[in-house]
Amino acid sequence: MTNGKKLSEKSIGAVCAVVSIGAFIILWYWGTQATQLGLLIPGPFDVLKAVGTGIVGKVGRHSILAHAGYSLLRVMIGFIIGSLVGVVLGLLMGWYRIAEAIFNPLFRIIRPIPPIAWIPISIIWFGLGEDAKIFLIFLASFSNTTLNSMAGARSVDPEIVNAARMLGASERKIFTTIVLPASVPNIFAGLQVAISSSWATVLAAEMVRSSEGLGWMIVAGMNNNDMIQILSGIVMIGVVGYILAIIMRRAEDVLCRWNKSGK
Amino acid sequence: MKQKNKMKYFCISVVSVCTVILIWFLCINVFHMKSETVFPGPVKVFNTFLDKLHTKAPDGATLQAHLWSSIKVALLGYALGALVGVPLGIAMAWNKWVDRFVRPLFDLVRPIPGLAWIPMFILLFGIGITSKALVIFLGALIACIVNSYTGIRQTKETHLWVGDVFGASDSQKLFKIAIPTALPMIFTGLRVALGTSWTALVAAELLASTKGLGYMIQQARAISRPDIIIVGMLAIGAVGAIFDALLHLVEIHVAKGMNAK
Amino acid sequence: MPMEQERKINHNNIVECKNVSKTFITPEGEHPVVQNLDLEARENEFLVLFGPGQCGKTTIINMIAGFEKATAGSMKFMGKEITKPDSSRGVVFQSTALFPWMTTMGNVEYGLKMAGVPKAERQKRAQKYIDLVGLSGFEKSFPVQLSGGMRQRVGIARAYCNEPKLMLMDEPFGALDAQTRYLMQEELQRIWEAEKRTVIFVTNNIEEALYLADRILVLTNCPATVKKEYKIDLPRPRNLVSPEFLALRKEITSILDSTL
């Protein structure tokens, strides 16, 4: 009974999703075919076709997949360095008052500046190459992970820390075996924000100055007045963004299962 | 004892910030490790800041004029995004049918960062206020929807049952139980959205604009004036921090009011 | 051999608290929670601190454990002043305070790991205590997957596995339902018989106190100090409805009423 009800609930949801997305696509198609809108925006099937030909063929000097690969590689390097530094610094600041006193005021000056606002200065400092982009992504992932790791270390249950002390853990062991794992759920919340922020930042950086990547693709589309290229780029950006979010969620499910399996 | 500790850590903080500025000064102005055309020293940045308050060169407007232009656009897009996003998020969480039809479309748009729409909007609407406001609107909208939705979904079933027992109508349950429960999350959404709006605005101004702080720093890069860039970045950061602090104040105020009731 | 004998006599008192006071300073003013407390626990003794209310008892345990410092007085453990937490004093917390990201095995072997015991050896020793508390088969479970009673068994095994000289138990069964609580009292009695240790056990449940104690210290409420001492020498395991048990229960309860 309950099983059957659940199933129908699920299928109603699926039908509604198909209907609403279908209606959107039909409206889009009809709008481009039957009204003046067609002069401004390509139809949905033109965009899909462009994505297909972009994967087999080339947009600019590379295929769409290669552009996505360039963007992803930049994100990965900057994200890994940025989140490592962020986790260590955040945990130190959250756990040791002295580390907080030293670093937090500096961090609070830097943090409100969006990573995107660093684009011009990073170009002056690092030139137009990869270093500037990796630096920007480093900033984007660093500040989010630091903030959340700090919150994690601050909210460690003091009773658990006492338990570790009475079991003979040294102060350093308490940091590595208690504070770090206890903060993992918070760290992951930070990493999730960090990865989407990094993804947005790499696009912005590529839009400002680059010769490849998905950000380049849409801005080149703008410069050539090529709406199809912009929209197919956006589709790809959405797909990659979605995959990144899914990967992060899966990783969290595995690493934080002790935190969730009861609920 | 505690007071004394607080004092001690405060002093450490002051010393820390001063040390960094001193190192900055020493590296640039004393040891000349980098040229000031690449990495300006603190004195030059401060002078540029004072100068930019009344000089229009090299980008056509004073710092205040850029600032005001940016704030105006950001607040416009943000207000629109919040006005649409919060009610839509609440409606999606409260009404099954709205959820079923709107959510799939929303999930389709969500993974696309707001600033990816900039090129399309510029082609459609030019580089005026409309494209910028639209980008900001999208960014704010998504943050508001997500958080309002989650907030309403946190309403405890037992609380709704209490409403049922006392014969509350559907709308009474929404306004007296669900929305008050969701209020902290809604405020989180509003704060996140404000941050997103500000970032999106800077991105839009970097790419295509004729005024605003993002335009200012982009112009300064083109003519290699890192001192102006740093002044602009600090202004962007300061405005972002002030916005956030203000909204936090409102949040505390409203949350207090809710508790008093 | 005579030397050994002498040492034992000298240190017959595992814990010695003399004239201990603890005052918390809050924005509203000073708040005394423990006042002029004298307490000693002897070797292999099951000592119960029994008293009403929330106040003071946990602080006493925390001070003996070394988590908190006394405002005045002296606290000695095996002849030495207590300054900080130590693996020779095991604690069982009311909230269990298990490490939620570790399995049962991970929790129980943690103390040995900190002491640098090699993996095979420490797992063998941890297994012994997991078996002792009746959790065989749950070695790989995380705390969230266990029931309240089972979690507290892990807490007990974790504290025992370090083989401390003294066990401090702060209302360990306070959060359990009545049925589980009875069961856990019997289990603890059994564990204590198998692994004799000095235990200081805090409770506000008179039956629990009488069931487990060699000696009961009845405490006053806020600030806590010793009101009266009872030596309980009923044969173990105790019969909860024997006339002697009921008489003692009545007497201590009446004292408590006058305390309030």
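Predicted model: local features only at pLDDT ≥ 70, side-chain atom pairs only at ≥ 80, totals over all residues.
## Basis of the model

Local features are given where pLDDT is at least 70 and side-chain atom pairs only at pLDDT 80 or more, while totals for chains, interfaces and linings use all residues. Residues are numbered from 1 along each chain as its sequence is written, chains are lettered from A in the order in which they are written, and side-chain values use heavy atoms, with hydrogens and water left out.

## Helix α7 of chain A

Helix α7 of chain A spans residues 158-166, helices being DSSP runs of H or I with at least four residues and strands runs of E with at least two, numbered from the N terminus. Its buried residues (under 20% relative accessible area, 1.4 Å probe, protein chains only) are I160(A), V161(A), N162(A), A163(A), A164(A) and M166(A). The cover over these residues includes α3 (64-95) and α8 (171-182) of chain A, and also β6 (89-92), α3 (104-114) and α5 (148-161) of chain C.

Just after the helix, G168(A) adopts a positive phi of about 95°.

## Where chain B meets chain A

Contact, meaning heavy atoms within 4.5 Å, links 45 residues of chain B with 49 residues of chain A. The two chains bury about 4,300 Å² between them, 83% of it on carbon and sulfur atoms, where buried area is the accessible area (1.4 Å probe) lost on putting two parts together, summed over both. L123(B), R221(B) and M233(B) supply 14% of the area that chain B buries against chain A, more than any other three residues.

On the side of chain B that touches chain A, α1 (2-30), α4 (96-109), α5 (118-125), α8 (170-207), α9 (213-222) and α10 (226-260) each supply at least two residues, and α10(B) gives the most, with 8 residues.

## The two domains of chain B

The domain assignment, whose bounds come from an automatic or database source, divides chain B into domain 1 (1-33) and domain 2 (38-260), with C-alpha centres 33 Å apart. In contact are 5 residues of domain 1 and 6 residues of domain 2, and the two domains bury about 460 Å² between them. In domain 1, W24(B), F25(B) and I28(B) lose the most area to domain 2, together 82% of what that side buries.

Note on methods
Buried < 20%, exposed > 50% of the residue type's maximum accessible area, 1.4 Å probe, protein only.
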